[in-house]
Amino acid sequence: MLATNLPVSTKMQDESELEPNSGNWSWWPSWRPTSMSLLKSAEAKILACIQNEVWSRFVTLPNQNRIWTLTVTNRTARRPSDQASQTPLVMVHGFGGGVGLWIRNLDSLSRSRPVYAFDLLGFGRSSRPSFPSDASLAEEQFISSIEQWRQTLGLERMILLGHSLGGYLATSYSIQYPERVSHLILVDPWGFQERPKPQPEGSSSQVSEVKRPGPPRWVKAVASVVTLFNPLAIIRAAGPWGPGLVNRFRPDFKSKFEDLFDDNTMTEYLYHCNAQTPSGEVGFRAMSESLGWAKRPMVQRVNLLPPSLPVSMLYGARSWVDSSTGKHVAQIRGQSPTRVVLIDDASHHVYADQPEEFNRVVENICNTVD
C-alpha cells in the first residue's frame, strides 16, 4: 500500500472555502487590525516562493474541526509514482507558528518524498476550538487531532518532525501511535526538561554550570504574563499597535528571511497567526507551568517510546533550549537508536537560521528510512 494513498472517504476542502469561524470571539474590538483573510493573504505571499508542486487545503476531521494542510511534491520528479511510494515527511510547527515558517525547507525536503505541513489545531488557519484547562486533557486534544488528520489523509506511516512545542506533541503522538512513525525528528523540542529545583546561593552546582544563552526578550515578555493571561494576549490587546509590537519583539524573524522578503512579510504573518481567536495557546497554557517548563515533562515519558523507533534530536548551538537534554534522552533510551545533532550558528529556529545545513541533516535522516 502506498504511504500516500487516499481513501475515497477523505474529506478535504479547497482553500477557496470559508475560513473556520472564530466562535464566541466575534465580539473582539474591530480596531484589532487582523482577520483570517489577512492571514490567508500574508501566507499566500510566503507560499508563492515555493518552486515545487503545492496542494493547500483544509482537511476536515470527524468532529468537523479543520486542519489547514500543505502537501509539497517534486515538480521535476521523473516518475511521480516513485516519490509517492516514499515514506512522507510530516512537519509540525512550534508555539505561535504556522506552515509559512517552513518556507526555507519545503522545496529542498520534497525532492525525494512528499512533505506534509499543517497548522496545529488552534493555530494558524486551522480551527480554533476551546481547550480544557487540564494539562493531560489539553495534550490529548492536540494528539487526537493529529491522529484524526492522519486517518483522514490515509497516511500509513510517516517520518514525523516537530519543532519546539511541535516536538513535544510529536513525541507524545509517537508514544501513543508508534506503529505510524518510522523516524521521530525533534528540533529544539520544548517541554522535555524537568524544572530544576532552586539551588542555594554559592552552591558548587551553580559555579560549575555551563552558561547558555538566556531566553530571548520575547520569551521573557510572554513568560511574565502567562500565569495570568493567555500567552499572546498582549498582541491582541495592543489593537492597532499589535503589528508594531511583533516587529519590536521579533526583529529576528525579519532578518532570518530578508533574502526572500525585503519588507515585513514574515512578521505580519506571525502577527496574523497570533492575533486571531486564542485557542491553541489556551491549550499550551494549560500544559505549561511557565513558558520554559511543561507540567508533564517529556523526559519522564521518553522511556515509553518503542526501543526500535529511531529518534534524532537537532539543536541550535546558540539556542536557549538546553541541548544536554538530548544526551539525557539518549541515556534513558540506552541501546535504542538515538542521535543528537548540534547545528552551529543556529538559535531556537534552527530551520530558518541555518536552512541549508538543517535541510541536509533532515534529508539524510529521511534517506535512512527509504
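Predicted model: local features only at pLDDT ≥ 70, side-chain atom pairs only at ≥ 80, totals over all residues.

Guide: Residues are numbered from 1 along each chain as its sequence is written, and side-chain values use heavy atoms, with hydrogens and water left out.

Visitor: Which residues have the most contacts inside the largest nonpolar core?

Guide: A nonpolar core is a set of buried Ala, Val, Leu, Ile, Met, Phe, Trp, Tyr and Cys residues joined through side-chain atoms within 4.5 Å, where buried means under 20% relative accessible area, exposed over 50% and partly exposed in between (1.4 Å probe, protein chains only). The largest such core has 48 residues, and those with the most contacts inside it are Trp149, Leu160 and Leu184.

Visitor: Is Ile185 buried or exposed?

Guide: Ile185 belongs to strand β7, strands (E, at least two residues) and helices (H or I, at least four) being DSSP runs numbered from the N terminus. Leaving aside neighbours within four places in sequence, Ile185 is in contact (heavy atoms within 4.5 Å) with residues including Ile159, Leu161, Leu314 and Ile365. Because its relative accessibility is 0%, Ile185 counts as buried.

Visitor: What distance separates the C-alpha atoms of Ile185 and Met91?

Guide: Ile185 and Met91 are 94 residues apart along the chain. The separation of their C-alpha atoms is 9.3 Å.

Visitor: Which residue forms a salt bridge with Asp259?

Guide: A salt bridge is a side-chain nitrogen of Lys or Arg within 4 Å of a carboxyl oxygen of Asp or Glu, and by this rule the count comes to twelve. Asp259 counts as exposed because its relative accessibility is 55%. With the closest N and O atoms 2.2 Å apart, the partner of Asp259 is Arg104.

Visitor: How many residues apart are Arg113 and Asp370?

Guide: The side chains of Arg113 and Asp370 meet in a salt bridge of 2.7 Å, N to O. Arg113 lies in the loop between α3 and β5 and Asp370 in the segment after α15 (355–367), so that the pair links distant parts of the chain, with a separation of 257 residues.
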